[in-house]
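Please keep the sequence and the 3D view open as you read.

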Amino acid sequence: MTNELEQAKQPVSAVLAGPYGHPFHPILVTVPIGAWVSGLVFDIGSRIVDDPGFLARGSVWLIAIGVIGALVAALIGTLDLLAIPSGTPAFRTGLTHMSLNLVVTAAYVAGFFWRRAASDGPGPVGIGPLVLSAAALVVLAASGYLGGKLAYHYGVRVAAESTQAEGYATRHTS
């Protein structure tokens with residue numbers, strides 16, 4: 001078990017996935033999360049303001065940025081998944097996390113094309129695309145919970161406790 005735990009802490013590729021104790025995946029996921037949450041705010045705003053066109057157009061851009069960011073984060077996250085020994089609860093959690101994220105990304109791709117096809121001027125975002133974005137964010141939250149479980153419960157790509165202890169060592173000076 002100790003070897004499996006240590007294996008999940010080491011990067012498959014330090015260049016692509018980030019060095020030991022500094023994985024890239026957690027920072028990369030902030031791009032799609034931020035873009036998609038902002039997109040939903042723009043969607044809601046487009047239904048409230050007098051001139052909704054700029055918010056509706058901005059939301060489409062935010063969805064596209066989020067999809068691109070999600071694909072980059074997924075590539076790096078896949079490297080982290082490959083570090084986890086298969087057949088373990090951590091690996092199954094990682095597969096579920098990845099699958100939910102792929103569903104969310106597919107929903108946003110579909111939403112992007114739905115909005116592009118339905119775009120008929122400067123009006124607000126339609127209720128269908130807005131509901132799709134909101135539902136996708138709920139699934140994303142569930143996936144994020146699993147990602148947190150991978151890092152904070154199973155310690156995937158987190159430095160070993162012996163390394164962490166260095167941050168709590170006190171020096172006594174005379």
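In what order do the elements of the protein run from the N terminus on? They run α-α-α-α-α-α-α-α, and the count is accordingly eight helices and zero strands.

A word on the ground rules. This is a predicted model, in which local features need pLDDT of at least 70 and side-chain atom pairs count only at pLDDT 80 or more, while totals for chains, interfaces and linings use all residues. Residues are numbered from 1 along each chain as its sequence is written, and side-chain values use heavy atoms, with hydrogens and water left out.

**Overall form**

The C-alpha trace spans about 70 × 50 × 25 Å along its principal axes. Of the 174 residues, 36% count as buried; the term means under 20% relative accessible area, with exposed over 50% and partly exposed in between (1.4 Å probe, protein chains only).

**Aromatic pairs**

Two aromatic pairs are present in the structure. Rings of Phe, Tyr and Trp (its six-membered ring) pair if their centres lie within 6.5 Å; planes under 30 degrees apart count as stacked, over 60 as edge-to-face and the rest as tilted. W36 and Y108 make a stacked pair, because their ring centres are 4.2 Å apart and their planes stand at 5 degrees. W36 belongs to helix α4 (residues 30–46) and Y108 to helix α6 (residues 89–118), so this pair ties together parts that are 72 residues apart in sequence. W36 is buried at a relative accessible area of 2%, and Y108 is buried too, at 2% relative accessibility. The rings of F112 and F113 have centres 5.3 Å apart and planes at 85 degrees, so they pair edge-to-face. F113 is exposed, with a relative accessible area of 54%.

**Salt bridges**

Side chains of opposite charge can pair when their charged atoms come close. For a salt bridge, a side-chain nitrogen of Lys or Arg must lie within 4 Å of a carboxyl oxygen of Asp or Glu.

| Salt bridge | N to O distance |
|---|---|
| R115 and D43 | 2.7 Å |
| D80 and R157 | 2.8 Å |

R115 sits in helix α6 and D43 in helix α4, so their bridge ties together parts that are 72 residues apart in sequence. R115 is buried at 7% relative accessibility, and D43 is buried at 0%. What does the pair of D80 and R157 link? Distant parts of the chain, 77 residues apart: D80 in helix α5 (residues 53–82) and R157 in the loop between α7 (127–153) and α8 (161–165). Both D80 and R157 are buried, with R157 at 3% relative accessibility. R157 also has a phi near 60 degrees, a positive value in a residue other than glycine.

**The largest pocket**

Rolling a probe the size of a water molecule over the atoms shows where empty space is left. A pocket is an open set of points on a 1 Å grid over the protein atoms alone, where a 1.4 Å probe fits, with protein on both sides within 12 Å along at least five of seven lines; lining residues have an atom within 4 Å of a point. The largest pocket holds about 850 Å³ of space. This volume is the space filled by probe spheres set on the points, which are joined across faces, edges and corners. Of its 38 lining residues, the closest to the centre are H25, P26, V29, H97 and G147.

Which element gives the largest share of the lining? It is α7, with 10 residues, while α3 (25–28), α4, α5, α6 and α7 each supply at least two. The lining divides into 24 nonpolar, 12 polar and two charged residues. Here Ala, Val, Leu, Ile, Met, Phe, Trp, Tyr, Cys and Pro count as nonpolar, Asp, Glu, Lys and Arg as charged, and the others, Gly among them, as polar. H97 lies in helix α6 and is buried, with a relative accessible area of 14%.

Notes. Helices (H or I, at least four residues) and strands (E, at least two) are DSSP runs, numbered from the N terminus.
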